Amino acid sequence: MPESWVEREKLLLAPYAMPSAASAGRKYPEPAHPYRSPFQRDRDRIVHCAAFRRLSAKTQVFTGDLGDYHRTRLTHTLEVASLARTLGRALRLNEDLIEALALIHDLGHPPFGHAGEEALDDCLRDEGGFSHNRHALTIVEELEQRYPEFPGLNLSREVLAGQEARADKRAGPVLLEVQVVDAADSVAYDSHDADDALELGLLRLDELMALPLWREAQRRVRERYAVLAGHELRRAVIKELIDWQISDLLDEARRRLKDATARPGAGGPAECVIRPRDAMAAQKQEIEAFLQERVYRHPQVVAIRERAKQRLHERFSALLAAPALLPPFFQQRAKAVGKARAAGEYLACLTDQAALRGA
Ligand code: MG
């Protein structure tokens, strides 16, 4: 049955979800696939691309110098996809679109996380700077070379527009599938950055007790498991933090979507409806400020960040001085976008290790 997914979505999706059959299509038109919906194909194309595999060797917050417990850019991406699909299924949204959006959301991160992004933004200052959200679009529209018929992955317009909304917050009404991924990203990093920092010894459990969000999550855990301590307590609190935030998002979304009969952009809600309740939002801000101060600016983390930035600056200067060091694809690309942009794009595509090696 070639288009069984159309019938399946009719049965499953809420009126405010994005149905695959209503997709605006692809830049380079392609015939429909016999058994996969357009958004399933998008998700599969992302999973099979080289940039996605490289996420496994890219820093989320902590580099490999600190240990091997913590998240990489790939495992963060998979956690976001998992949480976003949970939200999407509970709200009867399009899970295939959600998964594609989640898997692409951090695809444009350069090596060394935000330190790498700052370094490349500096290097490309006179060229309009560097943004990982925009670089993800460049990757999927121009840099990936997998298909003979077109450059990039030729993804559906809804996936590209969702990523565009991340790159440019002013972009018009945003599909609920996009909003779900944004919310899941925030739940994921607030909880796993705290978890990773505790495991790596950058934070102590008692320090987090200064935060009402953590204190309340721990109180809830203690109600059920009075004797937990140490690692066991930490893991239970992290799980509670995630459950609590996801439930809060769902309650608030259901309240805001009660009367919605269409998707955003087609007469549905114009404002963001997948967001925490005000009380939760305030507590999340507190934990984010705390992590910013105590973890992302921890002397050990800062020292590694500074070395990483210096390394990218060195490599960028070397490539500008000798563009022949660029792989042939990027030498060719320099003719279209200029030497500096091509060098920046090349460096942004590298894994942490590949950025450390090389001239
Ligand atoms: Mg992310």
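Biologist: Where does Thr138 lie?
Modeller: In this predicted model, Thr138 is part of helix H7, which covers residues 132–143.

Biologist: Buried or exposed, that Thr138?
Modeller: Thr138 is buried, at a relative accessible area of 14%. The cut-off for buried is under 20%.

Biologist: And what is Thr138 in contact with, leaving aside neighbours within four places in sequence?
Modeller: Leu143, Arg333 and Glu345.

Biologist: Are His76 and Asp185 buried or exposed?
Modeller: His76 is buried, with a relative accessible area of 1%, and Asp185 counts as buried too, at 8%.

Biologist: Zooming out, how many helices and strands does the chain have?
Modeller: There are 17 helices and zero strands. The radius of gyration is 21 Å, close to the 21 Å from the globule rule for 359 residues, so the chain is as compact as a globular protein of that length.

Biologist: How much of the chain counts as buried?
Modeller: 54% of the 359 residues.

Biologist: Last one, charges. How many positive and negative side chains are there?
Modeller: 52 positive and 54 negative, with the centres of the two sets 2 Å apart.

Conventions:
Residues numbered from 1 in each chain as written. Predicted model: local features only at pLDDT ≥ 70, side-chain atom pairs only at ≥ 80, totals over all residues. Heavy atoms only, no water. Helix = DSSP H or I, 4+ residues; strand = E, 2+ residues; numbered from the N terminus. Buried < 20%, exposed > 50% of the residue type's maximum accessible area, 1.4 Å probe, protein only. Contact = heavy atoms within 4.5 Å. Rg over C-alpha atoms; globule rule 2.2 N^0.38 Å. Lys, Arg positive; Asp, Glu negative; His and termini not counted. Charge placed at Lys NZ, Arg CZ, Asp CG, Glu CD.
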